[in-house]
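Work through the exercises below with the model open. Each task is followed by a solution in steps.

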Amino acid sequence: MKKGKKILAIIMTTVISLAALTGCKKSPVISETGQTTKESAETKNSGQKEVTINFWHHYSAQSAENATLETVLIPKFEEENPGIKVNPVSHEWADLHEKILISAKSNTLPDVARLDSAWIPEFQKMGILVPLDEEMSDYSSVADGLLESAMATATIGGHAYGLALNTNTKILFYNTEAFRKAGLDAPGTMEDFMNTIKTLSGTNENGQTVWGYNEPALAGWNLCPFIWSFGGELTNPEQTKANGYINSDKTVAAIQMLADLYKAGAITGWNSGDIPMTDGFGTGRYMMMLEGPWKIAELAGAYPDMEYGTVDMPAGDGGSHSVLGGEDIAMFNSANKEAAWKFMQFMTDEYAQIAMAKCGQIPVNKKALENDMVKQADFAPFLEAIKNAKSRPTVASWSEIDNELSVTVTAVMNGEKTAKEAMDELAVKVDALLAAE
């Protein structure tokens with residue numbers, strides 16, 4: 001016991017001596033992530049404890065978006081919010097999804113994250129997201145400043161589990177030289193679209209097969225614009241029932257149109273061995289494609305001399321509706337909610353949205369969308385389309401539904417079933433998935 005007391009006395013003396021040696025120097029503050037940060041004067045004087053929030057995202061580590069986040073946005077946020085530090089962590093897209101699933105089990109989730117909008121329903125069902133409209137008193141005023149269409153991606157059961165952060169959709173790209181030679185205008189209706197595809201399909205002067213339209217897959221991202229524009233739906237508005245919607249006459253008609261065009265050799269793209277979309281379009285083998293703003297950069301890099309035009313999704317009985325993509329920013333239940341909410345508001349305000357727009361991200365902030373730079377950006381042709389674009393069902397079973405949809409429509413394309421037979425069978429499967437929500 002005496003020996004233990006003596007050691008304790010030595011340790012106490014050493015600590016006191018070290019404290020005296022440091023004099024008036026500020027002591028470092030160790031953040032929750034193990035990083036050492038300096039305590040701000042404002043925080044020290046107010047006696048407020050400094051908070052570090054962890055922000056997980058999937059901006060590529062070497063991208064302009066990540067550089068803007070780390071060198072422009074976070075420093076500005078921290079300057080405007082003394083006492084709050086942001087620790088950004090970049091993950092690959094697929095890795096982020098898996099990391100969140102693993103962290104949810106070990107209670108090591110970040111405070112806030114940039115999520116693919118398709119992940120929101122899954123994480124909401126797990127009970128790890130904060131219902132912002134219930135817990136944030138000023139939620140409505142923040143949400144009112146953002147695009148309603150984009151905000152729908154984070155709305156589940158009438159509650160909001162995130163804020164739209166950036167958005168995208170698809171519009172029709174067409175080969176202007178081919179259209180000019182054929183004396184065609186860009187299609188404005190579904191009837192024009194179908195006729196144009198047939199007219200431009202066949203063989204070129206080199207004897208090569210050419211197709212009027214390319215579609216790289218048969219999932220919801222690819223099929224929904226046709227279904228909605230035909231006037232069809234996947235589910236009822238409450239997203240609780242598929243029968244009578246996913247197998248309605250108008251939904252079936254959209255699938256049948258694609259099947260007929262495929263049978264006629266006028267569309268292709270989803271089969272193994274087909275020419276990749278960018279190469280096929282850039283070399284004049286595909287005359288039209290429905291794609292997002294990223295395709296502009298791809299074509300500029302790979303086929304800089306390619307002449308093409310763009311137009312919104314051709315309108316059918318249901319109007320012109322493309323599919324909404326993009327990311328949301330969401331808060332986890334384990335978060336420092338006050339600090340996380342401030343950061344979420346900052347990332348969706350006009351300043352941050354314009355900064356990210358300079359990197360090619362389409363804003364969701366209404367004021368940012370009125371900015372002259374935004375209106376003149378490469379993605380400007382998409383700005384009108386996002387107003388009428390629609391979100392895929394925000395249900396936890398969407399990935400399973402999406403897979404079933406793809407398998408079903410593939411069978412129709414291959415002539416194994418009629419569109420009506422296949423979609424009737426699909427309705428039963430989807431209803432079972434929705435009932436298990």
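A contact means heavy atoms within 4.5 Å. The model is a predicted one, where local features need pLDDT of at least 70, side-chain atom pairs count only at pLDDT 80 or more, and totals for chains, interfaces and linings use all residues. Residues are numbered from 1 along each chain as its sequence is written, and side-chain values use heavy atoms, with hydrogens and water left out.

**Exercise 1. Describe the protein chain as a whole.**

Step 1. Take the contacts between residues at least 6 apart in sequence: 72% of them join residues at least 24 apart.

Step 2. Count secondary structure as DSSP runs numbered from the N terminus, with helices (H or I) of at least four residues and strands (E) of at least two. The protein chain has 21 helices and 16 strands.

Step 3. Apply the burial classes: buried is under 20% relative accessible area, exposed is over 50%, and partly exposed is in between (1.4 Å probe, protein chains only). Of the 437 residues, 49% count as buried.

Step 4. Compute accessible areas by the Shrake-Rupley method with a 1.4 Å probe; for residues, only the protein chains shown count as cover. The accessible surface of the protein chain is about 20700 Å², and carbon and sulfur atoms hold 51% of that.

**Exercise 2. Classify the aromatic pairs Phe-77 with Phe-343 and Phe-193 with Phe-226.**

Step 1. A pair of aromatic rings is described by the distance of the centres and the angle of the planes. Rings of Phe, Tyr and Trp (its six-membered ring) pair if their centres lie within 6.5 Å; planes under 30 degrees apart are stacked, over 60 edge-to-face, and the rest tilted. This rule gives 15 aromatic pairs.

Step 2. The ring centres of Phe-77 and Phe-343 are 5.2 Å apart and the planes stand at 80°, so this pair is edge-to-face. The pair links distant parts of the chain, 266 residues apart: Phe-77 is in helix α3 (residues 64–80) and Phe-343 in helix α15 (residues 337–347). Both Phe-77 and Phe-343 are buried.

Step 3. For Phe-193 and Phe-226, the centres lie 5.9 Å apart with 35° between the planes, and the pair is tilted. Phe-193 belongs to helix α10 (residues 190–200) and Phe-226 to helix α11 (residues 220–230), 33 residues apart. Phe-193 is buried, at a relative accessible area of 1%, and Phe-226 is buried, also at 1%.

Step 4. One aromatic cluster is formed by Phe-55, Phe-77, Phe-343 and Phe-346.

**Exercise 3. Characterise helix α3 and its surroundings.**

Step 1. The expected span of a helix is 1.5 Å times one less than its number of residues. With 17 residues, α3 reaches 23 Å from first C-alpha to last, close to the expected 24 Å.

Step 2. The bend at a residue is the angle between axes fitted to the seven residues ending there and the seven starting there. In α3 a kink of about 35° is centred on Glu-70.

Step 3. The buried residues of α3 include Leu-69, Leu-73 and Phe-77. The buried residues of this helix pack against β3 (51–57), β4 (84–90), α15 and α16 (350–357).
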